[in-house]
Amino acid sequence: MLSIIVPVFDEEESLETLHRQMVEACGTLGEPMEMVFVDDGSSDGSWNVIRTLSGRDPSVSGIRLRRNFGKAAALTAGIRAAKGDLILTIDADLQDDPAEIPRMLAKLREGFDVVNGWKLRRLDPWHKVYPSRVFNAAVSTITGLKLHDHNCGLKLFRAEVAGEIRLYGELHRFIPVLADARGFRVTEVPVNHRPRRFGRSKYGVRRFARGFLDLLTVKFLTGFGERPQHILGGFGLLLFALGFCGLLFLGGIWCGTHIFGADFGPIGTRPLLAYSIAAALLGAQALSLGLLAELLVAYTGKEAETFSVAERAGPAAAQASIEPSNAPQKSVKSV
Ligand SMILES: Nc1nc2c(ncn2[C@@H]2O[C@H](COP(=O)(O)OP(=O)(O)O)[C@@H](O)[C@H]2O)c(=O)[nH]1
Ligand SMILES: [Mg+2]
C-alpha cells in the first residue's frame, strides 16, 4: 500500500485539484493507496477543504496540528498515521506533479529504498533557484550523497526508512542523506515541476539559513554522532597541544631570564602568551565537551539506532519478529 503524505500550510486553493490529480495518477497503479493531509496551523480554509475531501473520499485522512510546527514535524505526524509500506511526500502547492508517482514507484521497484525527485527544469524565481543550487552542491559535497535536488518535495521511500530516522526542525530535506548514512539505497529521478499558481512561497532567506545549520547537524549526526569525542576531542587535543607548546616555550624564556641571567625580556608583553592561554583553554573546553557528549551517547544512545538491519534468516529472524523493529532496545554499552 502507498501512503501519500501532504504537508499543508495555507494552500486552500490547491487542495481540491491536488487531490483529483493524485487520484488520477494512482488510478492506473492497481494498488491501494491513502492520502494523509497534514494541516500545519494554516490560517486559511485549508482544514475545511481537507475535512470535505475526507468526507467524500474514504482514502483521505486529515490531521490538524494545533499551530505551525514546520514541514518536518508535519511530515512526521503524517508518517506516523500512514498505514502503507511505501511513503510518498508531495508538496501541497501543485508545483510537484502527481503524474510522476508511477515513474517513481517503478524506480523504487528496481531495488531502491529511497527515490528522490529532481526538478530538472525548475520553475521558480531566480532568487530561489540559485541559492538552491549552492545548497545542493554543499550538501552533496559535505555529506557525500550526490543528488541534484535534496530539497525536492517529491520523495518516495519504504516505511522502514521512515521508521529509522527521526525528523525534526528542517531535517525533512535530509531524508535521503540520513537514509544513505544508514545504508539504504538512494537514487533520484527527474520530475516535472510547475510554477506556483495559488498562494505564496513559505520559504525565504531565513529558512534557507536554517538549512545550512541543519547541514552541520546532519554531518555531525551521520559522521560522528556515535563518537562525538572523535571530532571534539581531536580538535581539543590539537588546540591544547599547541597552547601547551607555546606555554612551554614561554616558560623556557622566563627561566632563561630569571634563573640563568640571560636577557630575553619580559614574557608578559608577548602576544604568544595570550594565544597560548586561549588555545589551551579552548582545547580543554572542547575535550571536556566531547566527554560530556560521549556520556550522553553512552547513557541515552540506543542500540537500535547504531545500525540498520536489512534482513534476517534462521532462528534469529523468528526471535527478532517478536520485537517491533523500531522499539528502543536495551543498550549493550557498559558505562
Ligand atoms: N506543514 C507545513 N508545510 C509547509 C510549511 N511551509 C511550507 N510547507 C509546505 O511545503 C511545500 C513547499 O512550500 P513552498 O512554500 O511551496 O516552498 P517552495 O516550493 O520552495 O517555494 C508546500 O506544500 C507548503 O504547503 C510549514 O511550515 N508546515
Ligand atoms: Mg512550492
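Trainee: What should I know about the model before we start?

Mentor: This is a predicted model, in which local features need pLDDT of at least 70 and side-chain atom pairs count only at pLDDT 80 or more, while totals for chains, interfaces and linings use all residues. Residues are numbered from 1 along each chain as its sequence is written, chains are lettered from A and ligands numbered from 1 in the order in which they are written, and side-chain values use heavy atoms, with hydrogens and water left out.

Trainee: OK, which residues coordinate the magnesium ion?

Mentor: The magnesium ion, ligand 2, is coordinated by Asp93 through OD and by Gln95 through OE1, at 1.9 to 2.0 Å. Donors here are N, O and S atoms within 2.8 Å of the metal (3.2 Å for Na, K and Ca), and since water is not among the atoms, sites may look incomplete.

Trainee: Are Asp93 and Gln95 buried or exposed?

Mentor: Asp93 counts as buried at 5% relative accessibility, and Gln95 counts as buried at 7%. Buried means under 20% relative accessible area, exposed means over 50%, and partly exposed is in between, using a 1.4 Å probe and protein chains only.

Trainee: And Leu94, what is its phi?

Mentor: Leu94 has a positive phi of about 70 degrees although it is not a glycine. Most residues other than glycine have a negative phi. Leu94 sits in the loop between S4 and H4, and at 4% relative accessibility Leu94 counts as buried. The labels come from DSSP runs numbered from the N terminus, where helices (H or I) have at least four residues and strands (E) at least two.

Trainee: Which other residue has a positive phi without being glycine?

Mentor: Asp10 is one of them, with phi near 55 degrees. Asp10 is found in the loop between S1 and H1, and with a relative accessible area of 21% Asp10 is partly exposed.

Trainee: Switching to charges, how many salt bridges are there?

Mentor: The structure holds 16 salt bridges, each being a side-chain nitrogen of Lys or Arg within 4 Å of a carboxyl oxygen of Asp or Glu. Glu11, Asp93, Arg196 and Lys202 are linked in a network of such bridges, and Asp93 is also a residue that coordinates the magnesium ion.

Trainee: Which parts of the chain does the pair of Lys202 and Glu11 tie together?

Mentor: The closest N and O atoms of Lys202 and Glu11 are 2.8 Å apart. Lys202 lies in the loop between strand S7 (186–191) and H8, whereas Glu11 lies in the loop between strand S1 (2–8) and H1, so the pair ties together parts that are 191 residues apart in sequence. Glu11 is buried, with a relative accessible area of 6%, while Lys202 counts as partly exposed at 22%.

Trainee: Where do Lys71 and Asp91 lie?

Mentor: The side chains of Lys71 and Asp91 meet in a salt bridge, at 2.9 Å from N to O. This pair links distant parts of the chain, with Lys71 in helix H3 and Asp91 in the loop between strand S4 (86–89) and helix H4 (101–109), 20 residues apart. Lys71 is buried, with a relative accessible area of 17%, and Asp91 counts as buried at 17%.

Trainee: Now the inside: which residues have the most contacts in the largest nonpolar core?

Mentor: They are Ile5, Phe157 and Phe174, in a core of 32 residues. A nonpolar core is a set of buried Ala, Val, Leu, Ile, Met, Phe, Trp, Tyr and Cys residues joined through side-chain atoms within 4.5 Å. Among the elements that give two or more residues to this core are strand S2 (33–40) and helix H5 (126–143), and the largest share, five residues, comes from H3.

Trainee: Last one, how many disulfides does the structure hold?

Mentor: The structure holds zero disulfides, a disulfide being a pair of cysteine sulfur atoms within 2.5 Å. For Cys152, the nearest cysteine sulfur is that of Cys26, 16 Å away, and Cys152 is buried, with a relative accessible area of 2%. Cys255 is in no disulfide either, and the nearest cysteine sulfur, that of Cys245, is 16 Å away; Cys255 is partly exposed, with a relative accessible area of 28%.
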